[in-house]
Amino acid sequence: MVPIPSSGLCAVLLSLALGPMQCAAALAAELSAPSVAVLAGGCANCHGPDGLSSSAIPSLRGQDEARLRARMQDFRAGRAGDATVMTRLMKAYDEAQIVALARWFAAEARP
Amino acid sequence: MSGVSRRRALAGLAAGAAGLACPAVLRAGGAAARVVVVGGGFGGATAARWLKRWAPAVQVTLVEPAERFYTCPFSNLYLAGLRSWDSLGHGYDGLRAAGVEVIHARADDVDAAGRRLRLSTGQTLAWDRLVLSPGVDMRWDALDGYDEAAAQLAPHAWKAGPQTQLLRRQMEAMEDGGTFVMVIPDNPFRCPPGPYERAAMVAHYFSRHKPRSKILLLDAKDNFSKKPLFLQGWKALYGDMIEWVGLSDDGRVTRVDARRRQVETAFGQVHTAAVLNVIPPQKAGLIAERAGVVDASGWVPVKAESFETRQVAGIYALGDATLAAPMPKSAFVANTQGRLVAAALAAELTGTAAPDASFSNTCYSLIGPGYGISVAGVYRAEGGQIVEVPGSGGVSPADASAAFRAAEADYGEGWYGAICADIWGKGA
């Protein structure tokens with residue numbers, strides 16, 4: 001398994017050097033595309049094929065990347081007051097995975 | 001990681017993420033290898049569909065007897081009268097449109113050395129890799145008096161199909177004031193919260209049509225999935241209609257008399273039912289035994305990183321048939337395992353790097369209309385073992401608001417539509 005850096009010291013140092021966006025990108029680089037595809041598959045299970053939902057569960061596909069990232073971070077931190085199961089799920093995902101998932105679903109808007 | 005290699009990896013990811021239909025890393029080609037998948041349920045159909053998408057050059061064949069697959073998830077809602085039978089059935093046109101060859105036959109035998117699969121039609125399929133997702137079979141020798149013939153009188157209804165419809169007809173025929181007795185096995189078994197959701201759904205039907213009736217649950221264990229939430233929900237919606245008796249209170253049934261609709265417990269208590277639902281102990285589907293991939297437990301041990309079986313190289317297994325604890329035997333888990341197997345096979349057959357093994361689960365249970373509860377978990381492979389990611393997962397809060405319960409009922413409905421579309425749908 002490819003080691004995934006935690007969002008701790010590495011993230012702080014990188015964000016000082018590169019700014020938050022580049023830091024996020026650098027962390028995301030630790031996950032291979034197939035690994036992200038497998039990870040994102042767990043989301044599709046409720047949020048619909050390729051993240052396109054046709055129910056009360058929100059779509060992920062084509063959403064703004066920064067918003068997706070912020071939302072997942074809020075779930076993980078327990079800051080999303082309207083959350084149900086997402087708080088419990090997101091506690092398992094580190095910063096690199098959140099960055100990769102946000103990029104994955106945001107990118108799916110492209111043809 | 002150096003700056004250069006980081007940029008390279010980043011470029012690879014960006015290319016992969018942008019190429020929605022088949023990420024570039026997985027598109028790399030692959031010889032015309034043939035992968036045969038046995039079982040068109042939540043695990044097998046997922047593996048077949050996503051392998052074809054991620055490695056289009058691979059020839060993918062799915063073997064499934066049923067032309068329409070009826071799902072165990074939401075079959076309890078059918079028992080409640082909240083869902084039509086037809087709405088639980090899913091066909092295979094979506095998989096065919098995605099490029100998967102679908103053969104409706106039963107897989108009868110595996111020649112592991114010769115890499116051949118023999119079908120009930122007499123046809124033999126050659127494979128380079130075999131994926132088994134056969135679900136569970138009942139252990140007809142595990143509970144005295146409960147065999148296939150007995151199941152025609154006291155249905156298990158633990159594979160969705162005629163058994164489920166038989167149980168519903170028995171509920172409809174039952175007189176008001178009768179007792180519905182459910183016999184529940186020890187772990188591990190398919191769908192850990194299933195019996196307890198079923199109790200709620202039977203109670204929903206009784207409360208509207210046969211309100212003087214009772215439901216008695218005789219359980220071979222003392223704890224079960226989401227226990228406090230179920231106990232709370234049953235009480236809130238159905239009062240004292242549901243009585244649960246665990247192992248410590250002599251809940252373990254050791255003998256069944258299906259003709260008399262009687263069961264006997266370990267300490268000799270006899271309970272008589274108006275409707276008797278016996279969920280017996282289970283094991284991996286028969287084809288897994290034929291393939292030589294089960295161990296003494298009756299289930300299939302697998303490598304955590306790929307779900308290749310530990311017993312036979314080249315044969316993969318997933319879903320309820322596998323030993324994959326701490327993951328539960330659920331449809332959600334089978335779907336995430338199916339994606340992992342698809343990605344692992346795509347990588348292997350196209351000569352690219354294997355994916356990280358990650359899995360997740362969310363099981364919604366319906367207590368009544370507008371009242372849902374859930375359990376969630378996230379898992380990964382670590383040192384050859386499957387582990388739950390520490391500090392994550394868990395069940396709905398005990399003190400949740402009515403709005404929270406209503407949202408989880410809605411999300412359960414949404415989950416069912418989403419996962420079925422993901423697996424059997426027409427595709428994006």
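This is a predicted model: local features need pLDDT of at least 70, side-chain atom pairs count only at pLDDT 80 or more; totals for chains, interfaces and linings use all residues.
User: How many salt bridges does the structure hold over all chains?
Analyst: Side chains of opposite charge can pair when their charged atoms come close. A pair counts here when a side-chain nitrogen of Lys or Arg lies within 4 Å of a carboxyl oxygen of Asp or Glu. Over all chains, the number of salt bridges is 26.

User: Which parts of chain A does the salt bridge between Glu95(A) and Arg76(A) tie together?
Analyst: The closest N and O atoms of Glu95(A) and Arg76(A) are 2.9 Å apart. The two residues sit in separate helices, so the bridge joins parts 19 residues apart in sequence. Those parts are helix 6 (residues 95-107), which holds Glu95(A), and helix 4 (residues 65-77), which holds Arg76(A).

User: Is Glu95(A) buried or exposed?
Analyst: Buried means under 20% relative accessible area. Its partner in the salt bridge, Arg76(A), has 23% and therefore counts as partly exposed. Glu95(A) has 14% relative accessibility, so Glu95(A) counts as buried.

User: Which residues are linked with Glu65(A) in a network of salt bridges?
Analyst: This network is made up of residues of chain A. Glu65(A) supplies the acidic side chain, and the residues linked with Glu65(A) are Arg69(A) and Arg103(A).

User: How many residues apart in sequence are the parts tied together by Glu413(B) and Arg83(B)?
Analyst: The side chains of Glu413(B) and Arg83(B) meet in a salt bridge, 3.0 Å from N to O. Glu413(B) belongs to helix 10 (residues 402-424) of chain B, while Arg83(B) is in the loop between helix 3 (75-80) and strand 4 (89-90). The pair therefore ties together parts whose separation in sequence is 330 residues.

User: What is the relative accessibility of Glu264(B)?
Analyst: Glu264(B) forms a salt bridge with Arg255(B), at 3.0 Å from N to O. Arg255(B) is partly exposed, with a relative accessible area of 30%. Glu264(B) also counts as partly exposed, and its relative accessibility is 24%.

Note on methods: Residues are numbered from 1 along each chain as its sequence is written. Chains are lettered from A and ligands numbered from 1 in the order in which they are written. Side-chain values use heavy atoms; hydrogens and water are left out. Helices (H or I, at least four residues) and strands (E, at least two) are DSSP runs, numbered from the N terminus. Buried means under 20% relative accessible area, exposed over 50%, partly exposed in between (1.4 Å probe, protein chains only).
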